[in-house]
Amino acid sequence: MQFSESWLREWVNPDIDTDTLVAQLTMAGLEVDSVSAAAQDFSGVIIAEVQGVEAHPDADKLRVCQVFNGTEVHQVVCGATNVAAGQKIAYATVGAVLGKDFKIKKARLRGVESFGMICSAEELGLAEQSDGIMVLPADAEPGTDIRKFLSLDDTLIEVDLTPNRGDCLSIAGIAREVGVLNNIPVSSPVIEDVPAQINETFPIALQNPEHCPRYLGRVLRNINQNVTSPRWLQERLRRSGIKSIDPVVDVTNLVLMELGQPMHAFDYEKLDGGINVRLAQNKEKLTLLDGKEVELNQDTLLIADANKSLAIAGVMGGLDSSVQAYTRHIFLESAFFTPQCIAGVARSYGLQTDAAHRFERGVDFDLPRRAMERATALLLDIVGGEAGPVIEAVQSLPEARTVSLRAERISRILGISMSADQVEAILTGLGLVLIGKDADSWTFSVPSWRFDIAIEEDLVEELARIFGYDNLPVTEPLSRFSLKPQVEAKVGLPAIRERLTALGYQEVITYSFVDKKLELLLGADEEQLLPLANPISQDMSVMRTSLWPGLLATLQYNHHRQQNRVRIFESGLVFSNINNEIEQKPKVASILWGSQFPEQWGEQGASVDFFNMKGDLESLLGLTLEQNSFAFVADSHPSLQPGQTARIDRDGKTIGWIGALSLQAQQHIDINGKVYLMELDLESVGGARLPVYQELSRFPSVRRDLAVIVDVVQEVGEIQAAIREKAGELLSGSVIFDVYQGQNIEKTKKSLAIGLTFQHPSRTLTDEEINAIINNCIKVLEAQFNAELRM
């Protein structure tokens with residue numbers, strides 16, 4: 001929220017400068033995002049009166065004006081069509097400087113001398129665009145500096161409020177905070193009831209009081225919409241970041257910024273029968289003020305009349321019932337809608353409005369009548385007319401809350417003791433009402449604008465904010481700590497991160513909310529997806545069932561920014577709906593894409609392949625010291641390409657997948673070149689074998705090589721596992737050092753060359769022992785895999 005410092009100081013004016021005020025707000029939890037000047041830098045601009053206007057003798061679009069600056073008359077050539085005699089205007093004298101370096105000089109325009117310039121609001125930086133010169137009020141005194149007259153030496157402060165502090169989305173709320181921070185009273189404007197001048201009323205019905213417990217309305221007849229909002233009103237809105245539209249809208253926006261109450265005005269002549277606050281009907285449609293037609297959801301609360309919908313409650317009005325320039329009679333609305341009813345409604349229709357921003361955070365349910373009287377008084381002053389009585393429908397308002405606070409709790413949490421007077425001054429200054437106390441405790445009634453105070457700790461937090469977090473003592477904790485035992489037979493996440501980082505991967509953190517389309521494309525079961533009730537956007541509408549969607553989105557982002565080599569990994573939870581129960585599992589996943597090595601002169605630009613990913617994964621699994629418990633089994637997966645997919649098993653249980661991304665998914669994310677993915681169940685990978693000391697054998701090892709011919713589809717891992725089982729403990733190592741297909745080998749066969757290393761810890765092995773083991777291994781290979789010994 002953006003506000004003017006001068007406006008705030010009309011409510012509360014502490015004896016501190018702007019920098020101190022900004023620091024106070026930030027330390028009190030109302031973080032200041034920016035501080036800027038209310039107007040651009042300019043000098044030499046004064047108020048002047050146009051005493052005469054004549055046509056330029058040599059230019060149809062120019063006027064020659066006689067301008068009185070308070071002491072003398074100057075001739076100024078002006079191109080604005082709205083300049084007229086008798087106007088008070090902003091006059092930039094000769095020598096004036098606008099902006100950084102635009103200096104006004106004596107000039108000759110089409111043969112006529114001009115001494116200065118008549119300025120528009122745009123030229124002074126007071127508006128984004130202007131249709132003509134800026135006309136000032138008739139009581140403006142010629143010769144007065146325009147900066148002083150418009151109070152332009154002001155500061156604009158923008159605060160970024162947390163969602164629980166909706167009570168500070170107004171000048172009144174900010175002033176209340178500043179007042180208690182500086183222990184000074186707040187001078188809010190006196191708002192008196194406006195007596196009814198006509199007896200006309202309009203019926204109000206609350207069909208859903210649980211969503212709208214209070215609704216106020218008022219008829220105003222015979223207003224004049226042809227007048228312009230006064231300069232002070234336009235300027236206050238401008239300094240709040242709101243564009244002036246027309247007097248009625250400007251007044252409702254002023255009340256919004258001043259008191260925090262969103263309001264709306266309907267063209268009274270377009271309403272039928274009465275106001276009905278109800279839920280939308282099936283497939284009901286409404287054209288909004290921005291011209292967009294929406295089909296309403298059945299859980300959307302509406303403001304309607306007897307025949308049609310008029311507005312989305314607490315969000316935006318409808319176009320058909322809006323106030324126009326020709327409007328003579330209006331119906332003014334001021335209501336309380338519950339935060340639960342409004343939360344997420346604006347986003348569901350692709351909208352973002354100031355009203356919804358406030359209602360979904362909580363607006364004071366006792367404020368609508370005060371806001372109605374304030375708006376009525378302002379409208380009668382600006383557009384005239386006659387006001388009817390205030391019509392109010394009210395049911396089931398939120399109950400008043402009370403919270404107790406113990407002195408012992410304050411000292412325990414904050415580490416300080418506060419006097420009773422100090423506690424009471426702070427909390428009553430924030431609007432809480434003391435309704436009971438004893439020697440060491442208090443009971444307070446919570447004001448209607450504070451939706452975030454419910455328990456004792458909330459009151460302690462308020463005391464800490466106002467007392468000042470930087471004033472709290474720094475106390476070292478005194479406690480007995482014991483170290484949590486480390487399970488050594490487990491591979492922890494830090495070790496996994498370290499290994500993947502050492503292999504050249506970079507860790508990323510992505511959202512747990514992902515695109516439903518991508519999830520389904522990657523093979524997710526739609527029944528197991530967990531949709532979000534109020535998604536941030538359509539591409540973040542479901543909880544992830546895999547880490548792959550987030551990693552693929554990161555790859556796509558980098559690919560579109562000319563990155564040609566991506567190695568990334570992520571660890572985190574995935575979520576599934578299993579029998580209407582939310583199941584969460586920790587996983588780790590990685591993506592490999594692009595060239596094998598960074599660009600350099602000594603390496604060709606070869607792309608990564610399946611075995612690059614498999615090698616990295618084997619290195620990772622090696623942390624368990626139980627590499628032989630893992631197996632890569634050829635299988636199929638909806639996310640991965642056939643023939644380049646492997647299931648990762650551990651002791652017969654599936655713990656993950658590895659493979660190349662399917663072509664359909666690759667086309668969806670618009671990636672050139674193959675993408676390789678891996679995902680593991682962290683809990684299943686975690687178990688590890690403790691390293692055990694074993695003395696190195698002093699006796700020589702013996703290596704024997706086997707060449708066998710097997711079916712081309714035969715998995716090498718199965719052959720190695722069979723050899724390890726048959727060779728026993730004497731086998732210290734095995735390696736596949738050659739795979740051959742070609743001449744003298746059938747097309748359906750392949751030749752494997754296997755190196756076997758044997759070693760005994762306490763003696764030298766004999767040829768007879770080695771030969772026996774080799775023969776047994778050959779027999780097993782022949783029996784299980786129909787292998788032939790290649791001679």
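Contact, in these notes, means heavy atoms within 4.5 Å.

**Ground rules**

I am working with a predicted model, so I took local features at pLDDT of at least 70 and side-chain atom pairs at pLDDT 80 or more, while totals for chains, interfaces and linings use all residues. I number residues from 1 along each chain as its sequence is written, and side-chain values use heavy atoms, with hydrogens and water left out. Helices (H or I, at least four residues) and strands (E, at least two) are DSSP runs, numbered from the N terminus. For accessibility I call a residue buried under 20% relative accessible area, exposed over 50% and partly exposed in between (1.4 Å probe, protein chains only).

**Entry: Arg 544**

I started with Arg 544. I found Arg 544 in the loop between strand E30 (542-543) and helix H16 (548-559). Is Arg 544 buried or exposed? Arg 544 is buried, with a relative accessible area of 4%. I then listed what Arg 544 touches, not counting residues up to four places away in sequence. The list holds Thr 510, Tyr 511, Ser 512, Val 514, Glu 519, Glu 570, Gly 572, Leu 573, Val 574 and Phe 575. I also looked up Ala 175, which is 369 residues from Arg 544 along the chain; their C-alpha atoms are separated by 44 Å.

**Entry: aromatic rings**

Next I went through the rings. Rings of Phe, Tyr and Trp (its six-membered ring) pair if their centres lie within 6.5 Å; planes under 30 degrees apart count as stacked, over 60 as edge-to-face and the rest as tilted. By this rule I get eight aromatic pairs. One of them is Phe 365 with Phe 451, edge-to-face, at 6.5 Å centre to centre and 85 degrees between the planes. This pair links distant parts of the chain, 86 residues apart. Phe 365 sits in the loop between helix H9 (354-359) and H10, and Phe 451 in the loop between strand E27 (441-445) and helix H13 (456-467). Phe 365 is buried at 9% relative accessible area, whereas Phe 451 is partly exposed at 32%.

Tyr 511 and Phe 513 form a stacked pair, 6.5 Å centre to centre with 15 degrees between the planes. Tyr 511 counts as exposed at 55% relative accessibility. Phe 513 counts as partly exposed at 28%. Which residues do ring pairs link into a cluster? I noted Phe 202, Tyr 268 and Phe 331.

I also looked for charges over rings, meaning NZ of Lys or CZ of Arg within 6 Å of the ring centre and within 35 degrees of the ring normal. The charged end of Arg 147 sits over the ring of Phe 42, 4.7 Å from its centre. Arg 567 has its charged end over the ring of Tyr 505, 5.8 Å from that ring's centre.

**Entry: H6 against H10**

I turned to two helices. Helix H6 (residues 247-259) packs with helix H10 (residues 368-382) at about 140 degrees, and their axes are 10 Å apart. Axes are lines fitted to C-alpha atoms, for helices over the stretch in contact, and angles run from 0 to 180 degrees between N-to-C directions. From H6, the contact residues include Val 251, Leu 254 and Glu 258. From H10, they include Arg 370, Arg 374 and Leu 378. The contact divides into eleven nonpolar residues, no polar and three charged. Here Ala, Val, Leu, Ile, Met, Phe, Trp, Tyr, Cys and Pro count as nonpolar, Asp, Glu, Lys and Arg as charged, and the others, Gly among them, as polar.

**Entry: positive phi**

I checked backbone angles in two loops. Arg 110 has phi near 50 degrees, a positive value in a residue other than glycine. Arg 110 lies in the loop between strand E8 (107-109) and strand E9 (112-114) and counts as exposed at 52% relative accessibility. Asn 222 is not a glycine either, yet has a positive phi of about 60 degrees. Asn 222 is in the loop between strand E14 (214-221) and helix H5 (231-239) and counts as partly exposed at 33%.

**Entry: Gln 563**

Last, I looked at Gln 563, in the loop between H16 and strand E31 (565-578). Gln 563 is partly exposed, with a relative accessible area of 39%. Gln 563 touches Asn 558 and Trp 593, not counting residues up to four places away in sequence. Gly 594 is 31 residues from Gln 563 in sequence and 8.8 Å away in space, C-alpha to C-alpha.
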